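Open the model in your viewer and keep the sequence panel beside it. The stops below go from backbone to helix pairs to ligand.

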Amino acid sequence: MVNTQVSPAQSGIKIACQILHEGGMVALPTETVYGLGADASNKKAVAKIFAAKGRPKKNPLIVHVSNIGSAENYGIFDKQAYKLAENFWPGPLTLVLPKASNSCLAPQVSPNLNTVALRAPSHPIFQDVLNTSGLPVAAPSANKSGEVSPTTAEHVLNDLNGSIDLILDSGPCVLGVESTVVMIAGSTTSLLRPGMIQQEDIEKVLGASLVKPHSKALHGPGMLSRHYAPRAKLRLDALSHNKGEALLAFGPTPPNEIELVKNLSQKGDLIEAAANLYACLRELDDKNVGTISVMPIPESGIGIAINDRLRRAAAKKT
Ligand code: TXA
Ligand code: MG
């Protein structure tokens with residue numbers, strides 16, 4: 001096994017672009033979580049992503065682009081799609097659109113689908129890689145499939161050391177929870193995954209309500225079953241704490257003596273909680289506890305995305 005190289009992000013950009021052009025894989029920081037990037041137009045490179053993550057081949061990937069102009073090469077934008085991209089790009093919004101005909105994307109990016117997921121990340125390092133390489137970059141979160149997403153270079157190294165070429169280390173991701181995924185199909189626009197951008201803000205821009213997705217639109221394990229999961233069992237909405245459990249707290253920590261506790265946000269701030277979510281889950285899970293009890297998180301604002309991830313992480317193994 002050749003160890004994965006970790007480079008300070010800024011000085012590694014040139015080599016990252018070279019690796020992408022040669023069909024290799026690079027983990028890149030985004031404003032949400034670290035992504036595992038490869039040239040989306042190179043089918044061998046895309047296949048490597050599925051192999052490194054152990055990801056089911058039918059689970060489609062997000063293609064990252066620098067801006068709307070570049071995205072138009074891969075997806076068909078209607079009026080609503082333009083409105084959303086103009087308001088929220090670059091940033092944590094993914095648009096699932098009809099595939100453009102004659103696009104150069106490898107079919108493995110969204111196998112057997114006539115749609116493609118597109119996102120322009122705002123992270124300056126990722127933007128720099130996109131502009132310097134000139135490539136569309138397919139990038140799922142840089143973790144093993146079904147497990148906890150990475151928000152630091154160290155998380156990526158723990159999960160994927162030896163199976164990828166390079167990690168660009170830009171410190172912890174600022175937002176910490178993945179992008180909101182919205183699908184536009186004809187006159188219906190649906191929310192496939194809640195994320196950092198709120199449903200109500202999207203609806204304001206559209207001037208219309210988002211609908212619940214048709215079950216056929218839910219193609220990936222990220223949407224359906226157990227996902228974002230640590231090894232430990234999660235006990236959600238815990239109002240009391242059982243002996244032997246670790247505690248994932250939110251708000252002022254309960255006064256009783258608990259040995260293993262991480263607090264998402266002592267002051268009860270949901271934005272801070274989102275930024276800490278995956279690092280806290282990983283840290284508690286590394287202590288090999290049987291169960292992590294999780295204090296209730298308000299189902300509002302970014303709390304909706306946090307609870308979505310926690311529920312999927314708590315779902316039974318199938
Ligand atoms: O914040 C993010 O979105 C991060 C960073 C790296 O950009 N990426 C990320 O990718 O979370 P991933 O692969 O872990 O999650 C993407 C989700 C999956 O649940 C996948 O099934 C869904 O988007 N998706 C991708 N293409 C799709 C398509 N054509 N139709 C429906 N869902 C799609
Ligand atoms: Mg993921």
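Select Asn288, which lies in the loop between α8 and β14 (291-294). Helices here are DSSP runs of H or I with at least four residues, strands are runs of E with at least two, and both are numbered from the N terminus. Asn288 has a positive phi of about 55° although it is not a glycine. The model is predicted, and local features need pLDDT of at least 70, side-chain atom pairs count only at pLDDT 80 or more, while totals for chains, interfaces and linings use all residues. Residues are numbered from 1 along each chain as its sequence is written, chains are lettered from A and ligands numbered from 1 in the order in which they are written, and side-chain values use heavy atoms, with hydrogens and water left out.

Then select Trp89 and Pro90: the peptide bond from Trp89 to Pro90 is cis, with omega near -10°. Pro90 sits in the loop between α4 (79-88) and β5 (93-98). For context, most residues other than glycine have a negative phi, and most peptide bonds are trans.

Now the helix pairs. Axes are lines fitted to C-alpha atoms, for helices over the stretch in contact, and angles run from 0 to 180 degrees between N-to-C directions. Angles under 35 degrees count as roughly parallel, over 145 as roughly antiparallel, 65 to 115 as roughly perpendicular and the rest as oblique.

Show α8 (residues 270-285) with α9 (residues 303-314): their axes come within 9 Å and cross at roughly 30°. α8 is therefore roughly parallel to α9. This crossing of α8 and α9 is left-handed; that is, the near helix is turned anticlockwise from the far one by less than a right angle, whereas clockwise would be right-handed.

Show α1 (residues 9-21) with α5 (residues 124-133). They pack at an angle of about 45°, with their axes 9 Å apart, so α1 is oblique to α5. The crossing of α1 and α5 is right-handed.

α4 passes α7 in a right-handed crossing.

Last stop: ligand 1. How many residues surround ligand 1? There are 27, and the closest are Thr32, Asn59, His64, Ser179 and Arg193; a residue counts as near if one of its heavy atoms lies within 4 Å. The shell divides into 12 nonpolar, 11 polar and 4 charged residues.

- Thr32: a side-chain N or O atom is 2.7 Å from an oxygen atom of ligand 1.
- Thr115: a side-chain N or O atom is 3.0 Å from a nitrogen atom of ligand 1.
- Arg193: a polar side-chain atom lies 2.9 Å from an oxygen atom of ligand 1.

Taken alone, ligand 1 exposes 680 Å², and the protein buries 98% of that (Shrake-Rupley method, 1.4 Å probe). Finally, colour β4 (62-64), β6 (115-119) and β10 (188-193), the elements that give two or more residues to the shell. β6 gives the most, with 3 residues.

Note on methods: Polar contact = N/O pair within 3.5 Å; in protein donor to acceptor, adjacent residues only side chain to side chain. Nonpolar A, V, L, I, M, F, W, Y, C, P; charged D, E, K, R; others polar.
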